[in-house]
Amino acid sequence: MGKWQEMTREELEKQYAPSRWSHRMDKEAVIEAHVREVTEGTRRAQATMQTLLHVPYGGSDGEKLDIYLPTDPSEAFPLVLYIHGGYWQFLSKEVSGFITPPLVTQGIAVVAVGYDLAPKGHLDLMVAQVRRSVAFIVQQYSKISGVYLCGHSAGAHLAAMVLSTDWEEYGVTPDIKGAFLVSGVYDLEPITHTSVNNLLQMSREVARRNSPVLCVTAAKPARKACEVLIAVAQHDSPEFHRQSQEYFQALRSAGWRVSLLDIADTDHFDVIEKLYQGGYILTQVILNMISRA
Ligand SMILES: N[C@@H](CC(=O)c1ccccc1NC=O)C(=O)O
């Protein structure tokens, strides 16, 4: 596989269309099934769980959180902040609750964060919003024993940008103990050459300053306690695999504790859908990492 700079527009378009790589279904069907799975899964989760929905973390309509509380929140508990995917233009926090059941039953709080999608949202804004949501949560809730980030696809990109935050301007330094980055993009420039950018309208400069692979900070001693898991689906495209690999190497070179996991028999969509199952390998890895910390 050549470099993205040498690909035709058509090839780039294909590399950045995750639905075209699924081995389960054709491209329309796999997206339709994904929306159905995450919607249904969220409905089921909300039917049985204690929730605080639409909690504002800022002044704009899009700046809201859905909080799923652990069953017995008597002592301090870990908190997972989930950032949904959808190429910064689809999906929402309203369909992000599907991942909560196996976590909440283990005493972990889950927060699904909303952010302004394109075209209202642009990359600088969405990155600032998710950073602010993390600052808000740790300022509001004192019973948190550690914050973990979990993001899928475009949400993994946003979670990775949270890792590179200079917290000075937020007035708080959250204790981020781990991040689970699933099928993410960490280098945005190739995307500016695809139809994904039609709504986003990122310039090369915007793409570069919002590319996690270009914003990796040296791991400070405190950060050494933070463990990063980069997961990619077996049936993600070669470009998605390259992106995960390169971000993994960049973090490792900067001294971060990071691992790369290629998840067998999954595509871009079921790699995250299956998190509603306690026995799924990725669920197990996440629960393990949280219980070890
Ligand atoms: N048009 C895209 C859709 C897509 O990438 C997507 C859809 C739902 C959830 C996540 C997605 N990808 C990245 O955020 C595709 O071809 O798959």
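Select strand β1 (residues 51-56) together with β2: the two run antiparallel and are joined by four bridges, where strands are DSSP runs (E, at least two residues) numbered from the N terminus and two strands pair if DSSP finds at least two bridges between them. Within this pair, pick Leu 52, which stands opposite Ile 67 in β2.

This is a predicted model, in which local features need pLDDT of at least 70, side-chain atom pairs count only at pLDDT 80 or more, and totals for chains, interfaces and linings use all residues. Residues are numbered from 1 along each chain as its sequence is written, and side-chain values use heavy atoms, with hydrogens and water left out.

Move on to the ligand and display the 13 residues around it, of which Ser 19, Gly 86, Tyr 87, Ser 153 and Ala 154 come nearest (a residue is near if one of its heavy atoms lies within 4 Å). For polar contacts, which are pairs of N or O atoms within 3.5 Å, start at Ser 153, where a polar side-chain atom lies 2.5 Å from an oxygen atom of the ligand. Finish at His 268, whose side chain has an N or O atom 3.2 Å from a nitrogen atom of the ligand.

Notes. A polar contact is a pair of N or O atoms within 3.5 Å; within protein, one must be able to donate a hydrogen and the other to accept it, and residues adjacent in sequence count only if both atoms are side-chain atoms.
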